[in-house]
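Trainee: I would like to learn how to read a protein model step by step. Could we begin with the order of its elements and then work inwards?

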Amino acid sequence: MSNAKYQLCLLIDDNYIDNMINRKIIENEFFADKVVVKESAEEALMELKNGQYQPDVIFLDVRMPQMNAFEFLKEYEKLKLDIQFKPMIYILTSSLDPFDHRKVMESPYVTQFLYKPLTHRKLEEINL
């Protein structure tokens, strides 16, 4: 039996180093039993659509090549996923652009906007 708060956490960020650090923090804090890391928002979206996994929490970077967070959220809305499967989506970014913050928070799917790096304290606040 696990002590983790969540079963599955999906980390979507094109930065390999950020993913490595964030995964380690999530694992060390027993935040989730399993962490799936995707460097491509498109790939993550396709796998969500195909039902390959159903994360409880998604950490999503704002600025990524090919598909950014805004495009991901727009396409995510089209998935019409099972109403019981509604992960909490946290924007995890280093962007200080107030436009990014405003635009992302317009999405009904976004739970909160967090600035990188992910920390013990931020995970604790999510667990409240």
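**Reading the fold**

Mentor: From the N terminus on, the elements of the protein follow the order β-α-β-α-β-α-β-α-β-α, where helices (H or I, at least four residues) and strands (E, at least two) are DSSP runs, numbered from the N terminus. The secondary structure therefore comes to five helices and five strands. This is a predicted model, in which local features need pLDDT of at least 70 and side-chain atom pairs count only at pLDDT 80 or more, while totals for chains, interfaces and linings use all residues. Residues are numbered from 1 along each chain as its sequence is written, and side-chain values use heavy atoms, with hydrogens and water left out.

Trainee: What share of the residues is buried?

Mentor: Buried means under 20% relative accessible area, exposed over 50%, and partly exposed in between (1.4 Å probe, protein chains only). In this protein, buried residues make up 44% of the 128 residues.

Trainee: And what do the contacts tell us about sequence separation?

Mentor: Contact means heavy atoms within 4.5 Å. Among contacts between residues at least 6 apart in sequence, 67% join residues at least 24 apart.

Trainee: How many residues does the largest nonpolar core have, and which elements supply it?

Mentor: A nonpolar core is a set of buried Ala, Val, Leu, Ile, Met, Phe, Trp, Tyr and Cys residues joined through side-chain atoms within 4.5 Å. The largest one has 26 residues, and those with the most contacts inside it are Leu10, Ile12, Leu48, Leu60, Phe72 and Ile91. At least two residues of this core come from each of β1 (6-12), α2 (41-49), β3 (57-60), α3, β4 (88-93) and β5 (110-115), and the largest share, five residues, is that of α3. There is also a second, separate core of 15 residues, which includes Tyr6, Val35, Val57 and Phe59.

Trainee: Where is Phe72 found, and what does it touch?

Mentor: Phe72 is found in helix α3 (residues 69-78), and it counts as buried because its relative accessibility is 0%. Not counting residues up to four places away in sequence, Phe72 touches Ile12, Ala41, Leu45, Leu48, Leu60 and Met67. Phe72 and Leu60 are twelve residues apart in sequence, and their C-alpha atoms are 9.0 Å apart in space.

Trainee: Is Leu60 buried or exposed?

Mentor: Leu60, which lies in strand β3, counts as buried at 0% relative accessibility. Leaving aside neighbours within four places in sequence, its contacts include Ile12, Phe72, Ile91 and Leu92. Leu60 and Leu92 are 32 residues apart along the chain, yet their C-alpha atoms are separated by 5.6 Å.

Trainee: How does one read a charged residue such as Lys38?

Mentor: Lys38 lies in strand β2 (residues 32-38) and, at 14% relative accessibility, counts as buried. Among the residues that Lys38 touches, not counting those up to four places away in sequence, are Leu10, Asp13, Glu43, Glu47 and Tyr53.
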